[in-house]
Amino acid sequence: MHFRQLEYLVALARERHFARAAQACRVSRPALSEAVRKLEDELGVLLVRRGRAYEGLTAEGERIVLRAQRILADRDALRDEVDALRTGLSGRLRIGSVPTASGAVPLLTGPFCTAHPLAAVELSGGLRSEELLRQVRNFEIDAGITYLPEQDEDGLRAVPLYEERYVLLTSPADGLAGQPRATWAEASRLPLCLLHPGMQGRRVLDGVFAGLGLAPTPRVETDSVASLFAHVRTGHWASVVPYAWLHVFGVPPGMRAVPLVEPVHSAPIGLVIAAREPGSVMARALLEVARRTDVAGVLGSLPQA
């Protein structure tokens, strides 16, 4: 059994297509298929259901893929550990983030890169929370920044970073723009542009509205926080956005940011890594940076105008 065979199997499970998996592994399709067949022969079980094309993994294949992911993650961690002992931490830190928390990422990647000048960062900033947690569990990324679940998640370690709070983002012409604060009920009556319902950031907002017996119907829905700002900029819509994004964009010309009250709601955002020990060297290094960085102090309040 070779690491290469395990890499091919993991790629096939991820891509769900022989040709795409072969392309991702930079080998020919026949070479990948033959390597997987040899792995099946060595293990004595069928791993892949085949017809004219890939039809999925067998039950045995699903279990073997999980073990293969762990083996490959341990191999990569060993390589990183040796490299760090030899020359200092190097390689690539892979981070995932839900869109609403992307503004917090530079507060960690900046000091991380300063502390480890030989390391690089690869960021996926548009992941949905469920996908982010899946990728952390499957060692596809080293760490994620997302909404923290109410209960501990199996196989994951979570470290709180800050509390996400919200403002009503609207045009100066709106009657609420001149007020020191606005209620969620008042916001619900505006023509809203909000995140897509499938995103955790939107589900948080829907939960607040529902708790007040409100069910606003957004005129526009998007999967991009930047798109929320762009729509509000036209003067036709309002939106509810996290304080954290005002630290990225400020309050752009032609907009007003009004804190939302009744209730003053917050949602915990944190760093999530795999719970296995010793785990990823990169994840441990990022965790140390997070412990030294006052993310909450920066993002927990409205920025000064």
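1. Arg16 sits in the loop between helix H1 (3–15) and helix H2 (18–25), where helices (H or I, at least four residues) and strands (E, at least two) are DSSP runs numbered from the N terminus. The phi angle of Arg16 is near 55°, a positive value in a residue other than glycine, and Arg16 counts as exposed because its relative accessibility is 51%; buried here means under 20% relative accessible area, exposed over 50%, and partly exposed in between, with a 1.4 Å probe and protein chains only. The model is predicted, so that local features need pLDDT of at least 70 and side-chain atom pairs count only at pLDDT 80 or more, while totals for chains, interfaces and linings use all residues. Residues are numbered from 1 along each chain as its sequence is written, and side-chain values use heavy atoms, with hydrogens and water left out.

2. Two further backbone features deserve a look. Phe139, in the loop between helix H6 (129–137) and strand E5, also has a positive phi, near 65°, and is a residue other than glycine. A cis peptide bond joins Glu262 and Pro263, with omega about 5°, and Pro263 belongs to the loop between strand E11 (256–261) and strand E12.

3. As for the chain as a whole, there are twelve helices and twelve strands, and the C-alpha trace spans about 70 × 50 × 35 Å along its principal axes. Of the 305 residues, 45% count as buried. Among contacts (heavy atoms within 4.5 Å) between residues at least 6 apart in sequence, 74% join residues at least 24 apart.

4. Strand E12 (residues 266–274) is largely enclosed by the rest of the structure because seven of its nine residues are buried. E12 runs antiparallel to E5, to which five bridges join it, and Ala143 stands opposite Ile273 of E12. Strand E6 (residues 156–170) pairs with E12 in the antiparallel sense over nine bridges, with Pro268 in E12 as the bridge partner of Glu163; two strands are said to pair if DSSP finds at least two bridges between them.

5. Thr146, in strand E5 (residues 143–147), counts as buried because its relative accessibility is 1%. Leaving aside residues up to four places away in sequence, Thr146 touches Val98, Ser129, Leu132, Leu133, Pro268, Ile269, Gly270 and Val272.

6. Helix H5 (residues 105–115) and helix H11 (residues 281–292) pack at an angle of about 115°, with their axes 9 Å apart; the axes are lines fitted to C-alpha atoms over the stretch in contact, and angles run from 0 to 180 degrees between N-to-C directions. H5 contributes Leu108, Pro111, Phe112 and Ala115 to the contact, and H11 contributes Met282, Ala285, Leu286, Val289, Ala290 and Arg292. By class, the contact has nine nonpolar, no polar and one charged residues, where Ala, Val, Leu, Ile, Met, Phe, Trp, Tyr, Cys and Pro count as nonpolar, Asp, Glu, Lys and Arg as charged, and the others, Gly among them, as polar.

7. On the cysteines, the structure holds zero disulfides, a disulfide being a pair of cysteine sulfur atoms within 2.5 Å. Cys25 counts as partly exposed because its relative accessibility is 22%, and Cys113 is likewise partly exposed, with a relative accessible area of 33%.
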